[in-house]
Amino acid sequence: MKKLFVTLLPLLIVAIVLYVIFKPNPMDKSMTYNSNEKSGDCLILVNKSNTLPNDYIPKNLIMPNVKFASCASNEEKMMQGEAAKALEELFKSASKEKINLYGLSAYRSYETQKQVYDKRVKTVGKKQADKYVAQPGASEHQTGLAIDVTNGDGAKDKLKVDFGQTKEGKWLKSNAQNLGFIMRYPMEKENITGYSYESWHIRYVGADVAKKIYNKHMVLEEYLKNK
Ligand SMILES: [Zn+2]
């Protein structure tokens, strides 16, 4: 018996040491969120009921080599690497068909989103602001996977109609999925997404998922639920 104990003791010590090293820390918010990301980094779900912690900063933020509206800040020109590369391909494929797209606003930190939200509440009131502008932590711009897109007029702040009605907006709606992007806030899905229709907001999810979502007229919430 003693001999068995002596043999097993080192194994027991190793097991305890491994447990202590790899034990998940429930207090670590970012770690809790990472477990949610395992389904694939680019499928992270952020909405009014799935919020990001204020210290969530995506890895690999880079600036895609595309045209941006002059009002875009340097922070707003950043996207996660894979999404940034896909955006370059998307804009390239648009320009081949003489469609000129411009980036307006991509990554926004928690702090920037807070400023945007507070400013809108001051101008139009909380109820109206909540329809379009996400509260800090509830915006998927914080993931670095989403971007608001516009056309030449929009880039000069001269767009008089909804971007969705322009030829660029129509092109984006029918082609974004080929390069891995989805229209994140379609018409008539407001009750699921929690946000009003936005013809300019696209979100990177990867080409396979984007095509599935496009073909089935789903939104990300529905796709993740039925997966
Ligand atoms: Zn947006």
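This is a predicted model: local features need pLDDT of at least 70, side-chain atom pairs count only at pLDDT 80 or more; totals for chains, interfaces and linings use all residues.
**Entry 1: Thr-166.** Apart from neighbours within four places in sequence, I found Thr-166 in contact with Asn-151, Leu-159 and Val-161. I then noted its place, which is the loop between α6 (152–155) and α7 (167–175). Its side chain reaches the backbone oxygen of Phe-163 at 2.6 Å. Is Thr-166 buried or exposed? I recorded a relative accessible area of 10% for Thr-166; buried means under 20%, so Thr-166 counts as buried.

**Entry 2: Asp-157.** I stayed in the loop between α6 and α7, where Asp-157 also has its place. Asp-157 is not a glycine, yet its phi is positive, at about 60 degrees. I listed Asp-157 as exposed because its relative accessible area is 70% and the cut-off for exposed is over 50%.

**Entry 3: Asn-60.** I next examined the loop between α2 (29–37) and β1 (61–62), which holds Asn-60. The phi of Asn-60 is near 55 degrees, a positive value in a residue other than glycine. With a relative accessible area of 56%, Asn-60 is exposed.

**Entry 4: the zinc ion.** Which residues are the protein donors of the zinc ion? I found His-141 (NE2), Asp-148 (OD) and His-201 (ND1), lying 2.1 Å from the ion. I wrote the spacing of the donor residues in sequence as H-x6-D-x52-H. The pair His-141 and His-201 links distant parts of the chain, 60 residues apart. I located His-141 in the loop between α5 (126–132) and β4 (146–150), and His-201 in strand β6 (residues 198–204). Both His-141 and His-201 are buried.

Notes. Residues are numbered from 1 along each chain as its sequence is written. Side-chain values use heavy atoms; hydrogens and water are left out. Donors are N, O and S atoms within 2.8 Å of the metal (3.2 Å for Na, K and Ca); water is not among the atoms, so sites may look incomplete. Helices (H or I, at least four residues) and strands (E, at least two) are DSSP runs, numbered from the N terminus. Buried means under 20% relative accessible area, exposed over 50%, partly exposed in between (1.4 Å probe, protein chains only). A polar contact is a pair of N or O atoms within 3.5 Å; within protein, one must be able to donate a hydrogen and the other to accept it, and residues adjacent in sequence count only if both atoms are side-chain atoms. Contact means heavy atoms within 4.5 Å.
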